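Open the model in your viewer and keep the sequence panel beside it. The stops below can be selected in turn.

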Amino acid sequence: MTRRFAKTRFDATAAIFTGATAASTLLILGILATILLYLFWRGGSQISWQFVTGGTETDMFDPSKAGILPMIIGTAARVLLMTLFVIPIGVTTAVYLTEYARTTAPLTRFIRGAVNNLAGVPSIVFGLFGVGFFISFLGGSIDGLTGTSEPRWGKPALLWASMTLAVMTLPVVIVATEEALKAIAPGLREASLALGATKLETIWKIVVPNALPGILTGAILAISRAAGEVAPILFTGAAYFLKDTPKALNDQFMDLAYHVYVLSTQSPNVDLTRPILFGTVVVLLALTFSLNLVAVLVRAKIRRQMRAAH
Amino acid sequence: MAEILPSRLTVESPPSAGDRESGTTVPLIETEKLSLFYGRAQALKEISLGIRERVVTAFIGPSGCGKSTFLRCFNRMNDLIDNVRVSGHCRIGGEDILGSDVDVIELRKRVGMVFQRSNPFPKSIFENIAYGLRLHGARDRKAMAETVERSLRGAALWDEVKDRLDESALGLSGGQQQRLCIARAIAIRPEILLMDEPASALDPIATMKIEELILDLKKEFTIVIVTHNMQQATRISDYTAFFYLGELIEYDSTHRIFTNPQKKQTEDYVTGRFG
């Protein structure tokens, strides 16, 4: 019997393309694995209870005595504070752009362009902006009004560093939220309005709750970007060495990312302190992943709730 | 004004000035030379008609003829679209609803709507109905539960969902979702129920249930339904208006429209020669 539907052709183009997509995926995975393995290889031995719970009272450049708890606290604090600032402002802006502004109006286009440009500004420029606006202008004004002789707010501080990072990550949150808002079926808005809801009630009770997973995606991206940044906090709050962990919003803080920078450029003995350097990087990565994991878990929970039982 | 009401009704005479004052046969919804423009394009051309209380009125016509746009004038849903301009009059219970001084929230409370694609909120079945109740001030959980049950019964859905009110509405079938949307709409006790092709995405059995429901609901509500399905119009509506290219071509009792239309375009459409 002759088969009429037997395969006779070999589609080379399809095979090559499939192969190329698989190869590029493998390449990415390979790069990530190499980086992680290298970091653990170089820094893993440094990780100890003393290292992650110890402070700076002992020599911070001695691999056997160094502790980075103040840096862990500092980085976690600035990232969480940043999230508190960037999410409300970013979400409100995205709500304005998608729900209120006319999409074709010149003002809307201008705002959108400004947001996109903000995303393209180098992070050191945000650092300088933080010094000029937050420290000199805002902090200086507060000091001027309260009339202190010694600057209490007009100096680098945890608050200003967090706000500077919030400004830097605004575009990420705005864009992610906008995408989430646009993805909501127009039918949901209509259903709410047709029941006699005001626009505000519709946004507050239907639109934003349904965009929460997307908003959290924005938060995850913002956290990832901000956690490893040094430039924006260099002048606005991070300190080379402190005896204490920050106690108030206007305290300076030590920071994991900045500590990596310190260890690689200002160490008294670069070769000797290299294990601390890699150990700090491993902890920084672990911290970033943990912060992200929290957001990912919350997002998964919300998605489940939206899909299944309430 | 001749077109305001179906011209050859035998049961009820066309409204006279006297009737208007006594308020008995005054149409509940009444439009007068209602035109609507999307930018420069005119989507509705001077439509004048009157819709009676507690009957089912069907709008038929080919896609793009303006029947949905016209329906959305009655609860001002066209407000949501940029660059829409409306002229003429649209009165509900004698009160013009097109002005900028109209409280659209109050209007939409009185004029409910069911959409072509069922659009339950991604909340529980209970919360879908409670949403509208809360918007309008309901707080008492027990009273709310009673209203939810009454609305679900009213939408012939209670028996199917009574044991899973706390489950997501998105787990319901398409037909159930649409009946939930009807329940949600009637829960806030509107006078008028607008339905924009409510069964067009449903299978024949779900469609039949919706149609039975509509016949049941007309005892309490004035229903205006847009449909592409001519059999559906004949099965459920008392009056039918045929639209073509933004104009009202003919408006009469459904029986007349389908058995003895006066305009050739209507006849061509209902007999399936175009559309």
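Start by selecting Phe243(B) and Leu248(B): Phe243(B) stands opposite Leu248(B), which belongs to strand 10 of chain B. Bear in mind that this is a predicted model.

Next, select residues 239-244 of chain B, which make up strand 9. Strand 9 and strand 10 of chain B run antiparallel and are joined by six bridges.

Now widen the selection to the whole sheet. In chain B, six strands in the order 6-7-8-3-9-10 form an open sheet with mixed pairing. Which strands stand at the edges? They are strand 6 (111-114) and strand 10 (247-253) of chain B. Each has a single partner strand, so one side of each is left without a neighbour in the sheet. On average, neighbouring strands of this sheet are turned by 20° against each other, direction ignored.

Finally, show both chains and turn to the place where they touch. Here 20 residues of chain A are in contact with 27 residues of chain B. On chain A, select helix 7 (186-194), helix 8 (199-227) and helix 11 (270-307); each supplies at least two residues of the side that touches chain B. Which helix of chain A gives the largest share of that side? Helix 7 of chain A does, with six residues. Coloured by class, the side of chain A that touches chain B shows 11 nonpolar, five polar and four charged residues.

Technical notes:
Residues are numbered from 1 along each chain as its sequence is written. Chains are lettered from A and ligands numbered from 1 in the order in which they are written. This is a predicted model: local features need pLDDT of at least 70, side-chain atom pairs count only at pLDDT 80 or more; totals for chains, interfaces and linings use all residues. Two residues are in contact if their C-beta atoms, placed from the backbone, lie within 7 Å. Helices (H or I, at least four residues) and strands (E, at least two) are DSSP runs, numbered from the N terminus. Ala, Val, Leu, Ile, Met, Phe, Trp, Tyr, Cys and Pro count as nonpolar, Asp, Glu, Lys and Arg as charged, and the others, Gly among them, as polar. Two strands pair if DSSP finds at least two bridges between them. Axes are lines fitted to C-alpha atoms, for helices over the stretch in contact, and angles run from 0 to 180 degrees between N-to-C directions.
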